[in-house]
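Hi everyone, thanks for coming.

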Amino acid sequence: MNAIKPGNLSPTQVISTLSNTGNITSCLQKLKEVINWKGPQIKKIDNEVIRTTGIACLWKQAVPPPGSVSGAIITFNSDGSLNLNTGNVEMGSGGQTMLAHMLADKLKMDIKKIHVNFTKDTRFNPEHYKTVASITNYMAGNAVMKAADEVLSQLKEMGSEIFSCSPEDIDVAESKVFRKDNPQSFIDFKDIVLGYKPENEKVIGQPVIAKGTFILKQLSLLDPNTGKGKSGPSWTVGAQAVEIEFNIKDYTYRIVNATTVMDVGKIVNPDGMKGIIYGGMAMGLSMASREVYDYNQEGRLKTPNLRTYKLLHIGQEPLYHVEFIETPQLDSPYGSRSISEHGIIGIPAALSNALSLATNININELPLTPEYLWRQMEAKHDS
């Protein structure tokens, strides 16, 4: 009933479309299937333990400032492999790997022959607007795709001269350049990417060096009076669920399953995407269930180390499940969407909803510790 649909307005009054927002209804329908949802239910495990499930939806928009830029440079080595140089810094989002996957697909070549430059120096790397994760595949991805187009253009131009045909008759695949009508006769990348040098003949072409750039042109600052404006290129939506076993006697609980269905636009490197979302879910569960900064009356931190600041341990992790919905973002490479931080967003609310059902209390504070639940139950009884 409350899912945003095409034609609805975003919080900043931008008209929602399937391209700029995705399909949260499909995410909910898929989640319903995955967790076998039949409405809020309390299942009795034994005399002290019950099992419940809570769900929540998420959406998030990356908000780069108008005019943000990104760039990419591609160079080749004598063995036919290539080097991808961008200004993106790897922050655990797998963005660099996604760029390599996109480039490999675009050039129809083995990803093992693509060397991503992880060393960053602002004197040598193309400008990238910020060290962030979510928007890497959109901004840098567009720059990389433009650089890839330039690579193909240069290779086809050289190929047309070598094979005496038009560039439109040339194709590039598997690190080879060839005529479309005769793929058995080809030139390896290693023999052409630094210029073609046939024996006793005129050198053809030149070393292949390509660049691609991207700048955000359609964004605007928010109007301070109305809040209206386009603050980001798109949204990412998803639905999440957390299943728990709750002890009604001592208010402890065990997290059994955590599930996410996210509209990623287009699946690129599915294992990498799942790993990123798994990590976000684990962070969300740890934050929601136990992490807290606790201060005494003098304002001194009572949780200054990992002995007192509790984190979720490996043995406390639930089973994680991730599924995808694909609603392409039309202006993004391959239609992919930002997904990096999104796995964390709805998990605290889903856990809270599961505990609210188990305790019959409207829970809306974090962290959801057994002591907090006990105090809420006591307050309910006193009232």
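The lining of the largest pocket divides into six nonpolar, eight polar and four charged residues. Here Ala, Val, Leu, Ile, Met, Phe, Trp, Tyr, Cys and Pro count as nonpolar, Asp, Glu, Lys and Arg as charged, and the others, Gly among them, as polar. Please keep in mind that this is a predicted model, where local features need pLDDT of at least 70, side-chain atom pairs count only at pLDDT 80 or more, and totals for chains, interfaces and linings use all residues. Residues are numbered from 1 along each chain as its sequence is written, and side-chain values use heavy atoms, with hydrogens and water left out.

What is a pocket, then? On a 1 Å grid over the protein atoms alone, a pocket is an open set of points where a 1.4 Å probe fits, with protein on both sides within 12 Å along at least five of seven lines; lining residues have an atom within 4 Å of a point.

Which residues lie nearest the centre of the largest pocket? They are Ile 35, Asn 36, Lys 43, Thr 53 and Glu 243, out of 18 lining residues. The space inside is about 320 Å³, a volume being the space filled by probe spheres set on the grid points.

Now the second largest pocket, at about 220 Å³. Its lining includes Glu 365, Pro 367 and Tyr 372, and by class has three nonpolar, one polar and three charged residues.

Finally, the whole chain: its C-alpha trace spans about 95 × 50 × 45 Å along its principal axes.
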